[in-house]
Each structure stands twice: as structure tokens, then as C-alpha cells.
Amino acid sequence: MGFRTIRLDVVDGVARLELDRPDHANAIDLELATELAQATDELSRDQSVRVVLLTGAGARFCGGGDLGSFATHDPAALSDLLADITAHLHPAVEQLVALDAPVVAAVQGSAAGAGMGLVLAADLVLAARSAKFVMAYTGIGLSPDGSTSWFLPRIVGLRRALELTLTNRVLTADEALAWGVVTSVVDDDALAASADELVARLASGPTRAYGRAARLLRDAAGASLHDHLAAERRELRASAATSDGAEGVAAFAAKRRPDFTGT
């Protein structure tokens with residue numbers, strides 16, 4: 001499928017999904033949201049995908065919503081436009097989170113609003129040392145979207161989530177690391193190489209086990225211990241029945257590196 005506002009390439013199990021509106025800080029308009037939903041639907045059906053690298057073209061990862069476009073609409077029309085955008089953006093986030101393949105975000109410049117939502121929804125996040133993170137919504141009189149209000153309190157705690165959302169405090173990359181918003185911080189000129197190294201390692205791993213493990217961790221907060229133990233048992237049994245499960249056990253017994261195929 002051809003896209004105008006994103007790029008999607010899948011090579012050797014690595015899906016590179018890039019927001020591609022660099023002249024607009026990769027801001028999310030209706031076209032980008034629609035194409036992102038189409039792209040994540042493609043990824044959800046592509047069993048060859050073993051890791052996803054999510055990036056933004058140009059100087060910034062994603063500036064959030066396209067405020068320049070929003071400003072041309074009266075309140076009623078803007079309300080309808082935002083409803084249309086989130087009707088595509090939200091399924092895109094859900095499909096990314098539901099993938100067995102780990103999602104790695106590499107963030108340069110800034111991630112604001114729904115761009116921060118994409119960061120929070122990723123499994124692992126690499127940030128350039130100069131990167132900044134901000135919720136931004138209440139600064140323009142709007143409430144959060146793009147999964148930010150679901151992930152943020154789970155990651156940083158309710159008090160900090162309220163602070164970030166109500167005051168629009170800007171987090172530096174080092175603060176984002178300390179708060180758990182990002183996984184690691186690297187020098188700006190090392191971001192691309194560090195991301196490539198990480199996705200290459202994940203692409204050779206047990207993809208289905210990654211997916212099961214991530215779902216267990218995400219679902220744990222909303223489950224009772226009894227129900228979660230049942231889920232662990234179910235997912236462990238399913239993992240053991242896969243080719244990668246058999247290979248991992250055999251490799252351990254033989255004291256060799258496992259050769260996972262993602263199946």
C-alpha cells in the first residue's frame with residue numbers, strides 16, 4: 001500500500017514505521033491517522049514481522065496534533081475533526097500494542113501530545129539526550145487522547161501523571177528516564193545506530209513469547225492474583241507448545257545459543 005504521510009518497510013523481520021511529515025513536526029492530521037491505522041493493520045496481519053521500529057522523520061519525533069490545521073476549524077467542526085482523527089488513531093495504537101512483535105520507539109527532538117502517546121504505547125523507548133517530552137493538551141484547552149491518559153499513570157504513577165497533564169511540565173530525556181517514560185538515553189548522534197542494534201537483537205528472539213510476556217505484564221494491574229496466575233499458566237502452556245519454546249529448552253540443555261524463528 002502506498003502512503004503519503006508515513007513510511008513502512010519490512011525487511012528481514014524488522015518493520016520500520018516512520019511518521020513522515022517532517023515539515024510539520026510529524027504532527028498528526030486526519031490523513032496521517034488514517035494511514036497509521038492502515039499500516040498497523042498491515043503489521044497485524046504480517047506474520048514475518050518480528051520487531052517494529054517506530055520513528056519520526058526530520059528534527060522531531062512527533063509534535064502531537066496538527067494545530068495549524070485545527071485552528072482553521074470552528075468549535076463544532078473541530079470537535080468532529082478530532083472525533084474522526086481518533087477514530088483512526090486509537091485503533092492504530094491498539095493494533096501496535098496487540099502485536100507479538102516488540103515495538104521500539106526512537107525519539108529525537110520532541111514528543112508531544114499524541115506523539116507522547118505513541119512513545120508510552122511502545123514496549124521499549126530510546127531517547128536522544130536532547131529529546132523533550134510534554135503532554136501539551138491542557139495548554140490548548142483540550143483533554144488527552146492517543147492512549148496517553150491510560151499509559152501515563154500506569155508508568156509514572158497518578159501524582160506525576162496529574163502533574164504532567166495539568167501543568168504541561170516538559171520532561172528532559174534524563175528526567176523521562178528517571179520517571180520510566182523511556183528505557184534508555186543515548187547521545188543524539190548515536191540514536192539511529194543504537195535503535196538498529198536493539199531491533200536486530202529483538203528480531204532474532206522468540207517473537208510469540210515476547211507478545212505473551214508483554215500482555216501478561218500489561219494486564220497484571222487490572223487482574224486479581226487468582227485470574228493472573230491462570231493467565232500465566234495458559235500463556236506458559238501455549239509458549240511451551242511453540243517451535244521457539246522447544247528450541248529454547250533444547251539450546252539450554254545443549255549449552256548453545258538458541259536459534260529462534262519467531263514461531
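## Asp174 and its partner

Let's start with one residue in this predicted model. Asp174 has a relative accessible area of 43%, so Asp174 counts as partly exposed. Asp174 forms a salt bridge with Arg129, and their closest N and O atoms are 3.7 Å apart. The two residues sit in distant parts of the chain, 45 residues apart: Asp174 belongs to helix H7 (residues 173–179), while Arg129 is in the loop between strand E6 (124–128) and strand E7 (132–134). Arg129 is partly exposed too, at 40% relative accessibility.

## More charged pairs

Side chains of opposite charge can pair when their charged atoms come close. The whole structure holds 15 salt bridges.

Another of these pairs is Asp196 with Arg16, with 3.0 Å between the closest N and O atoms. Asp196 is in helix H8 (residues 191–203) and Arg16 is in strand E2 (residues 14–19), so this pair ties together parts that are 180 residues apart in sequence.

Arg4 and Glu31 also meet through their side chains, at 2.7 Å from N to O. Here Arg4 lies in the segment before strand E1 (6–11) and Glu31 in helix H1 (residues 30–45), so the pair joins parts that are 27 residues apart in sequence. Arg4 is exposed at 63% relative accessible area, whereas Glu31 is partly exposed at 27%.

Salt bridges can also link up: Arg21, Asp29 and Asp66 form a network of them.

## A nonpolar patch

Leu158, Leu162 and Leu166 make a nonpolar surface patch of about 310 Å². Leu158 is found in helix H6 (residues 158–167), and its relative accessible area of 57% is why Leu158 counts as exposed.

Methods
Residues numbered from 1 in each chain as written. Predicted model: local features only at pLDDT ≥ 70, side-chain atom pairs only at ≥ 80, totals over all residues. Heavy atoms only, no water. Patch = residues over 30% accessible without salt bridge, like charges linked within 9 Å, V, L, I, M, F, W, Y side chains within 5 Å. Areas by Shrake-Rupley, 256 points an atom, 1.4 Å probe, with all protein chains shown as cover. Salt bridge = Lys/Arg side-chain N within 4 Å of Asp/Glu carboxyl O. Helix = DSSP H or I, 4+ residues; strand = E, 2+ residues; numbered from the N terminus. Buried < 20%, exposed > 50% of the residue type's maximum accessible area, 1.4 Å probe, protein only.
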